[in-house]
Amino acid sequence: MSDALQEIAANKSFGGWHKRIRHRSSVLGCDMVFGLYLPPQVEQGEKVPVLYWLSGLTCTDENFMQKAGAQRIAAELGVAIVAPDTSPRGADVPGDPQGAWDFGLGAGFYVNATQEPWAKHYRMYDYVVRELPDLIEANFPVSDRRSVSGHSMGGHGALICALKNPGRYRSVSAFAPITNPMNCPWGEKAFSNYLGPDRESWRDWDSCALIANAPERLPLLVDQGEGDIFLAEQLKPQALKEAAEKAGHPLTLRLQPGYDHSYYFIATFIEDHLRHHAAALKG
């Protein structure tokens, strides 16, 4: 491991290791921490594929790794998991002036900000698509076979990363993604601040807009709880369904009765998603 990487925690888990790593991000201009689960197969000299998990509003690298129960299946399947933070952090990184939870720190929205004061640090898209994978592949026993998934704001991130980068990912999935951020309160707040008032420019970061001209028809797997309090106003899975049908883009949208927006929901269906990704990563 490079001297530029600092291991700040390591826990044995299902025969593999969950690690927390700190590094300096040149893209974000601050120190970042990511979680990394390495399955036991790496100890036999195997280079394993990687699932990149993008978390939602208010989360850090720790939420998914501690709550989703993904390590047991990842260990069986021989898949590494990387969970970055959800925004830049640090004393010089601006947050929401009113301290709101849905913008600024913990709410990077996986876009490249163009507006001040956000443009200097809030470039989470470049970080998760390029800088972080390059760092992971250079310093750990993993291959360049990648998949991407996420939850809520991170589900939005997973969808746009896959739709904007043909050939980079073997598979994509999402839990309760913000599918149409340019037309929901969370997304409108974030985009107007990070990207400015020109709504046409927002289309480059909206999966419902991107899907029409996506150069690769990578199948989308989406799980959505029907008991999710954010379903109608913020998440809008029907908009994604309509956009996919219009574009002829393969989408499996599973509406799960009674399930909400929590990690209880994610933990229930994470095995399905991991097996979906493993089939693509190892096929």
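Reader: How many nonpolar, polar and charged residues are in the lining of the largest pocket?

Author: This is a predicted model, where local features need pLDDT of at least 70, side-chain atom pairs count only at pLDDT 80 or more, and totals for chains, interfaces and linings use all residues. Residues are numbered from 1 along each chain as its sequence is written, and side-chain values use heavy atoms, with hydrogens and water left out. The lining of the largest pocket has six nonpolar, seven polar and one charged residues (Ala, Val, Leu, Ile, Met, Phe, Trp, Tyr, Cys and Pro count as nonpolar, Asp, Glu, Lys and Arg as charged, the others, Gly among them, as polar).

Reader: What volume does the largest pocket have, and which residues are closest to its centre?

Author: Rolling a probe the size of a water molecule over the atoms shows where empty space is left. Here the largest pocket has a volume of about 200 Å³. Of its 14 lining residues, Leu 57, Thr 58, Cys 59, His 151 and His 261 are the closest to the centre. (On a 1 Å grid over the protein atoms alone, a pocket is an open set of points where a 1.4 Å probe fits, with protein on both sides within 12 Å along at least five of seven lines; lining residues have an atom within 4 Å of a point. Points are joined across faces, edges and corners, and the volume is the space filled by probe spheres set on them.)

Reader: How many disulfides does a search of the whole structure find?

Author: A disulfide is a pair of cysteine sulfur atoms within 2.5 Å. The search finds zero. For Cys 30, the nearest cysteine sulfur, that of Cys 161, is 17 Å away; for Cys 59, the nearest is also that of Cys 161, 16 Å away.
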